[in-house]
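I opened a new page to keep track of what I looked up about a ligand and the space around it. Each entry begins with what I wanted to find out.

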Amino acid sequence: MKKNELIRKGLRQLPTRPIFLVSMELDGKKNIITVGMFCIFSGTPSLVGIGLKPSRYSCGLIRESREYVVNVVTEKLMKAVRICGTNSGRDSDKFNLAKLTPRKGTEVKPPHIAESPAKIECRVVDELKIGDHIWFIGEVKAVIVDENYDWKDGLLFKWVAQDGFYYRVGDQKGKY
Ligand SMILES: Cc1cc2nc3c(=O)[nH]c(=O)nc-3n(C[C@H](O)[C@H](O)[C@H](O)COP(=O)(O)O)c2cc1C
């Protein structure tokens, strides 16, 4: 196996991570992209980031509009994760395609996904090209969480070889 492939295989041994639906809007065009590349960058100020490949339609939309919403997903949204991760907003309306409902944001222009139980509204403060992704660093303007949402219901995702699998947080194993 080539060195590069060995490194990629090795990195896939990391524990799994959450998956999100990120919504954005430019000149009335709404779109959604499935994103695994998410990171919390700072506590004060509250900064998060999403990593997008420059080829994504969403990348251009966020670059222009400078805003996005990170929508947490649960088991009910598994199908939508696939639909929004395999179709491009260039040639489809993913709110329609994935049967998702846009809901007006509070501090930012892009819509939330009504079916998501927790939404993070972000305004871009920095854009970093790192390797083959562009990281849009967003200052968190508001976080809207449903009353009955339990963070343990947030969906996790793992690539194993060419297949993707969804997980839920497992049992607590101790207290530090
Ligand atoms: C599980 C999963 C995770 C993904 N994570 C990312 C990601 O972090 N960054 C990215 O640029 N694309 C990611 N993608 C691919 C995009 O979601 C996909 O290319 C999408 O169709 C792009 O839509 P757009 O052209 O409307 O922007 C992921 C896809 C899947 C299925």
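**Entry 1: the model.** Before anything else, I wrote down that this is a predicted model.

**Entry 2: neighbours of the ligand.** I asked which residues are the closest to the ligand. I found that 22 residues surround the ligand, and that Lys53, Ser58, Asn87, Ser88 and Gly89 are the closest of them. Sorting this shell by class, I noted 10 polar residues, nine nonpolar ones and three charged ones.

**Entry 3: polar atoms facing the ligand.** I then looked up individual atom pairs, and noted that a polar backbone atom of Thr34 lies 2.9 Å from an oxygen atom of the ligand. For Lys53, I found a backbone N or O atom 2.9 Å from an oxygen atom of the ligand, whereas at Gly51 a polar backbone atom is 2.9 Å from a nitrogen atom of the ligand. I also looked up how much of the ligand is covered: taken alone, the ligand exposes 650 Å², and the protein buries 88% of that area.

**Entry 4: where the ligand sits.** I checked the pockets next and found the ligand in the largest pocket. The elements that give two or more residues to the shell around the ligand are the strands S3 (29-35), S5 (47-52) and S11 (156-160), together with the helices H2 (57-65) and H3 (78-86). Of the shell around the ligand, S3 provides the largest share, with four residues.

**Entry 5: the largest pocket.** What volume does the largest pocket have? I wrote down about 1400 Å³. This pocket is lined by 41 residues, and those closest to its centre are Arg12, Arg17, Gly36, Met37 and Trp159. Helix H1 (3-11) and strand S12 (163-167) each supply at least two residues of this lining, as do S3, S5, H2, H3 and S11. To the lining of the largest pocket it is H3 that gives the most, namely five residues. By class, I noted 15 nonpolar, 15 polar and 11 charged residues in this lining.

Notes:
Residues are numbered from 1 along each chain as its sequence is written. This is a predicted model: local features need pLDDT of at least 70, side-chain atom pairs count only at pLDDT 80 or more; totals for chains, interfaces and linings use all residues. Side-chain values use heavy atoms; hydrogens and water are left out. A residue is near a molecule or strand if one of its heavy atoms lies within 4 Å of it. A polar contact is a pair of N or O atoms within 3.5 Å; within protein, one must be able to donate a hydrogen and the other to accept it, and residues adjacent in sequence count only if both atoms are side-chain atoms. Accessible areas come from the Shrake-Rupley method with a 1.4 Å probe; for residues, only the protein chains shown count as cover. On a 1 Å grid over the protein atoms alone, a cavity is a set of points where a 1.4 Å probe fits but cannot get out, and a pocket is an open set with protein on both sides within 12 Å along at least five of seven lines; lining residues have an atom within 4 Å of a point. A molecule sits in a cavity or pocket if more than half of its atoms lie within 2 Å of its grid points. Ala, Val, Leu, Ile, Met, Phe, Trp, Tyr, Cys and Pro count as nonpolar, Asp, Glu, Lys and Arg as charged, and the others, Gly among them, as polar. Grid points are joined across faces, edges and corners, and a volume is the space filled by probe spheres set on the points.
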